[in-house]
Amino acid sequence: MIFQKQGPLRGTIAVPGDKSISHRAIMFGALAEGITEVTNFLRGADCLSTIRCFRQLGIDINDDPASDRIIVHGKGLYGLTPPKDMLDVGNSGTTMRLISGILCGQNFPVSLTGDESIQRRPMGRIMTPLTQMGAEIESIRGNNCAPLSINKTKKNNTRLRGIHYKSPVASAQIKSCVLLAGLYAEGETSVTEPSLSRNHTELMLREFGADIKSMDLTAAITPNPHLTGHKIQVPGDISSAAYFIAAGLMVPNSEVIIKNVGINPTRDGILRVCKQMGADIRLENIIDHGGEPVADLVVRHSELYSTEVSGSVIPTLIDEIPIIAVLACFAKGQTVIKDAAELKVKESNRIDVMVDNLSRMGADIIATEDGMIINGGKPLHSAVIDSKDDHRIAMSFAIASLMAEGDTEIRGAECVNISYPNFYSDLRKLQIL
Ligand code: S3P
């Protein structure tokens, strides 16, 4: 797909529903008794993988796009039934890691796999705590990656044990996986992380009736709650809004309003970093959806200055670092991003892929062990960009190309389908031609 430099972006858009919250609404709805009704669900490939997996596990899920409602007919904590085939999570790390926690609590064996990218991503990080809880979970190829098999020998009919797990990484996927297994364990299960990762699992499970407590960096869950179906209105995804925030800030004379964006403090690091960089972003109409704060964002073109992005803010903007790297190319001075080694194990190695592609466009950027250093102010020019089929890379470069002379070609551009199927048409809506 070819992209060109653009004049101001103006207008109002609503980004699609939050990916993390959409996944959880299906999963927790399946484990609850009765009906869960989900509106503004993200119909991206990753969340559709979650629906597909739970249908294979015997859950009826009706999707009616006309009424924008997904109805999950939950069967309670012990209502899942053995799938006929291997579960396929596609490209979705969230599906793979969270569902593994749930599946370790079932009394049937199951295997799960995903696409080429998921088969390279580390699963040892969930296998370690789940094994400590007494689960039988194995990497079929013995490389700590998918495909995984759970409860293969069926000798493991005893219940899981509650543990206190000190996670070496701040990862909501690890935390959620362990807490979900904790629903089926004997005794309390708790997870402490080095810095706080997104807390959607804690907030939503509590809404469904779970006894789950959060104290600083620790979340603890009591097993066997009675979960009841719920109405969930999914807020717009701040990770998707991030591309239009960046475009509005970078392209001269732009003013963009992004409606209904989730601004949970464990996800809003992008707003904090942009403000440090001098961004003009206003929050309006702040409301609450089931413990999740939501606001409209008004973003105006701004003169940007460099900053340091490090420490506890990293988990609150981990998926936004590619687009922050693009912003840093247009900020005065040197931006340092560190403590972000997790980027290497996302859908692609996002440190190498961003540094490689931005260098091709003429940016002054180098990779470090745990991040990157960007000297802003060098004009970008067109290049051929390899997205490595990573949705966040493709969207970041579609935005970078708005500021680059010439024709920028993005290879594999259609991978935006993973988290934002209408990304390109929403971008076109904001362009004044
Ligand atoms: C997610 C957590 C993050 C994030 C991913 C979604 C979630 O991963 O990168 O896109 O929904 O829990 P980690 O928890 O592994 O950092």
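The conversation below goes through the domains, their contact and one serine.

Guide: This is a predicted model, where local features need pLDDT of at least 70, side-chain atom pairs count only at pLDDT 80 or more, and totals for chains, interfaces and linings use all residues. Residues are numbered from 1 along each chain as its sequence is written, and side-chain values use heavy atoms, with hydrogens and water left out.

Visitor: How is the chain divided, and what distance separates the centres of domain 1 and domain 2?

Guide: Domain 1 covers 2-16 + 235-430, and domain 2 covers 19-233; such bounds come from an automatic or database domain assignment. Taken over C-alpha atoms, their centres are separated by 29 Å.

Visitor: How many salt bridges are there between domain 1 and domain 2?

Guide: A salt bridge is a side-chain nitrogen of Lys or Arg within 4 Å of a carboxyl oxygen of Asp or Glu. Arginine 121 and glutamate 347 form one through their side chains, at 3.9 Å from N to O. Between domain 1 and domain 2, the count is three.

Visitor: Is serine 49 buried or exposed?

Guide: Serine 49 sits in helix α2, residues 45-56 (helices, H or I, at least four residues, are DSSP runs numbered from the N terminus). Buried means under 20% relative accessible area, exposed over 50%, and partly exposed in between, with a 1.4 Å probe and protein chains only. Serine 49 has 4% relative accessibility, so the residue counts as buried.

Visitor: Leaving aside neighbours within four places in sequence, which residues are in contact with serine 49?

Guide: Contact means heavy atoms within 4.5 Å. With those neighbours left aside, serine 49 touches Asp88, Val89 and Gly90.

Conventions: Helix = DSSP H or I, 4+ residues; strand = E, 2+ residues; numbered from the N terminus.
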